Amino acid sequence: MAARAVAARRPWQRLVPAALWARPRRLQHEGQPERSDQPIHMENPYEDPPKRCVLCGINVDYKNVQLLSQFVSPYTGSIYGRHITGLCNKKQKEITKAIKRAHVFGFMPIMFKNPQFLTDPKLCNIKHPE
Amino acid sequence: ISHFSLSLFQPETAAALKRTVEALMERGAIVRNLENLGERSLPYKISRHKERHKRGGYFLIDLEAPPSIVSPMMDHLGRDIDVIRRAFIKHPKVAKAEECGGIIPVSPEEKLSSKKN
């Protein structure tokens, strides 16, 4: 008796015909509850910050001969390529232009590296010096 | 349009500097600043006006002038015996250094599709 009373109070818990549960294929994914167990799309919080080259944020000037000499060979005075200096495109171009300017304006020697700056810390990973 | 002027002078030439700045002002340039970058031995020997120079004084003149001033000034400085080397440059933009955002990795598909050189 109590069970019948309980059943009467909750009419939605009556036996639901199976036909209601079988949905046509086209509507299968509609009306799904919002809380699904699919992964939530978000940016990777563990991603590394973008790699910065040695000169990122440093202003390159043709007058700064010491900085420019670090990217020049001590034996021939030739400018090191991108694969040796490891600079990003923008900075490599800026350095090249600044070095050529310094050559013309008479700030930096062309055929060799200024002996004053030979003992500077090495920025370029050159394995076989020319 | 603002320009920079750079000149290499023979050592001990206050008169030559004065001459240059006066010539600039005559053509209507506004001289903002005159910097002495020091006197040092040149990186390589420069021959100018039938002389081989080994030492020089470097001077940087910060000026504002119309671009039409560049050619006549280069002529004028070329005829000056005390000037070893002369140059006019545009003012470098200082804002570039702050915008660098690091190396953005390029996906291999982009590398394939983009044309090189």
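Me: Which residues touch the most other members of the largest nonpolar core?

Reply: In soluble globular proteins, nonpolar side chains tend to be buried together. In this predicted model, the largest nonpolar core has 34 residues, of which Y62(A), L68(A), I95(A) and F107(A) touch the most other members. Such a core is a set of buried Ala, Val, Leu, Ile, Met, Phe, Trp, Tyr and Cys residues joined through side-chain atoms within 4.5 Å, where buried means under 20% relative accessible area (1.4 Å probe, protein chains only). Helix 5 of chain A gives the largest share of this core, five residues; helices are DSSP runs of H or I, at least four residues, numbered from the N terminus.

Me: With which residues is L68(A) in contact, leaving aside its neighbours within four places in sequence?

Reply: Contact means heavy atoms within 4.5 Å. On that basis L68(A) meets V60(A), D61(A), Y62(A), I95(A), A98(A), I99(A), A102(A) and M108(A).

Me: What is the area buried between chain A and chain B?

Reply: The size of an interface is often given as the accessible area lost when the parts come together. Here about 1,700 Å² is buried (1.4 Å probe, summed over both parts), and carbon and sulfur atoms give 64% of this area. In chain A, F105(A), G106(A) and F107(A) lose the most area to chain B, together 28% of what that side buries.

Me: How many residues does each chain bring to the contact?

Reply: Chain A brings 23 residues and chain B 18 residues.

Me: How are residues numbered, and which features of the predicted model need a pLDDT cut-off?

Reply: Residues are numbered from 1 along each chain as its sequence is written, and chains are lettered from A in the order in which they are written. Local features need pLDDT of at least 70, side-chain atom pairs count only at pLDDT 80 or more, and totals for chains, interfaces and linings use all residues, while side-chain values use heavy atoms, without hydrogens and water.

Conventions: Buried area = accessible area lost by both parts, 1.4 Å probe. Buried < 20%, exposed > 50% of the residue type's maximum accessible area, 1.4 Å probe, protein only. Helix = DSSP H or I, 4+ residues; strand = E, 2+ residues; numbered from the N terminus.
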